[in-house]
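Me: I am new to reading protein models. Could you take me through this one, feature by feature?

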Amino acid sequence: MTKIAFIGLGSMGGPMARNLLKRSFEVQGFDIAAKSLADLQGAGGTPAASAAGACAGANFVLLMVVDAAQAQTVLDGALAAAPSDATVCLMATCPPKSVESIAARVRRRYRSPL
């Protein structure tokens, strides 16, 4: 089964994670809001105590956080815990230079030629 780590379960990420659960994906999620974690669990997902915890064993890492600063904050733990073949998707609103910086961090972690 495809395991998805969903970081950021707020007004946009929460419904997205629930839709993935409805389609039989395994979703492990993290958010700083306890209610968002409880909502994920109520929908059949697995709440995690940290971004790294959500990413353990995940095939996909989805970062649905507010901005580049939040993405940068959770990225180290997420990348350290995710398998080396995981796909990382940044879905936050970020300036192009920030996206380039985040992409470079992901490439360094996975040693990707892209």
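Reply: We will go from the whole chain down to single residues.

Reply: This is a predicted model, where local features need pLDDT of at least 70, side-chain atom pairs count only at pLDDT 80 or more, and totals for chains, interfaces and linings use all residues. Residues are numbered from 1 along each chain as its sequence is written, and side-chain values use heavy atoms, with hydrogens and water left out.

Me: How many helices and strands does the protein chain have?

Reply: Start with the rule. Helices (H or I, at least four residues) and strands (E, at least two) are DSSP runs, numbered from the N terminus. Here the protein chain has five helices and five strands. Along the sequence they follow the pattern β-α-β-α-β-α-β-α-β-α.

Me: What does the radius of gyration say about the protein chain?

Reply: The radius is taken over C-alpha atoms, and the globule rule is 2.2 Å times the number of residues to the power 0.38. For 114 residues, a compact globule would have a radius near 13 Å; the protein chain has 13 Å, so the two agree. The C-alpha atoms fill a box of roughly 40 × 25 × 25 Å, taken along the principal axes.

Me: How much of the protein chain is buried?

Reply: Buried means under 20% relative accessible area, exposed means over 50%, and partly exposed lies in between (1.4 Å probe, protein chains only). Buried residues make up 40% of the 114 residues.

Me: What share of the contacts join residues at least 24 apart?

Reply: A contact means heavy atoms within 4.5 Å. Take the contacts between residues at least 6 apart in sequence: 62% of them join residues at least 24 apart.

Me: Where does Ile7 sit, and what does Ile7 touch?

Reply: Ile7 is found in strand S1. Its relative accessibility is 1%, so Ile7 counts as buried. Set aside neighbours within four places in sequence. Ile7 then contacts several residues, including Phe30, Ala51, Cys55 and Val74. Ile7 and Val61 are 54 residues apart along the chain, yet their C-alpha atoms are separated by 7.6 Å.

Me: Is Lys3 buried or exposed?

Reply: Lys3 counts as buried, because its relative accessibility is 19%. Lys3 lies in strand S1, residues 3-7. Beyond neighbours within four places in sequence, its contacts include Glu26, Gln28 and Phe60.

Me: Where is the place of Asp31?

Reply: Asp31 is in the loop between strand S2 (26-30) and helix H2 (34-42). Asp31 is buried, with a relative accessible area of 13%. Leaving aside neighbours within four places in sequence, Asp31 is in contact with Gly8, Leu9, Gly10, Ser36 and Leu37. From Asp31 to Gly14 is 17 residues in sequence and 9.5 Å in space, C-alpha to C-alpha.

Me: How many disulfides does the structure hold?

Reply: A disulfide is a pair of cysteine sulfur atoms within 2.5 Å. The structure holds zero disulfides. Cys55 is in no disulfide, and the nearest cysteine sulfur, that of Cys89, is 12 Å away. Cys55 is also buried, at 0% relative accessibility.
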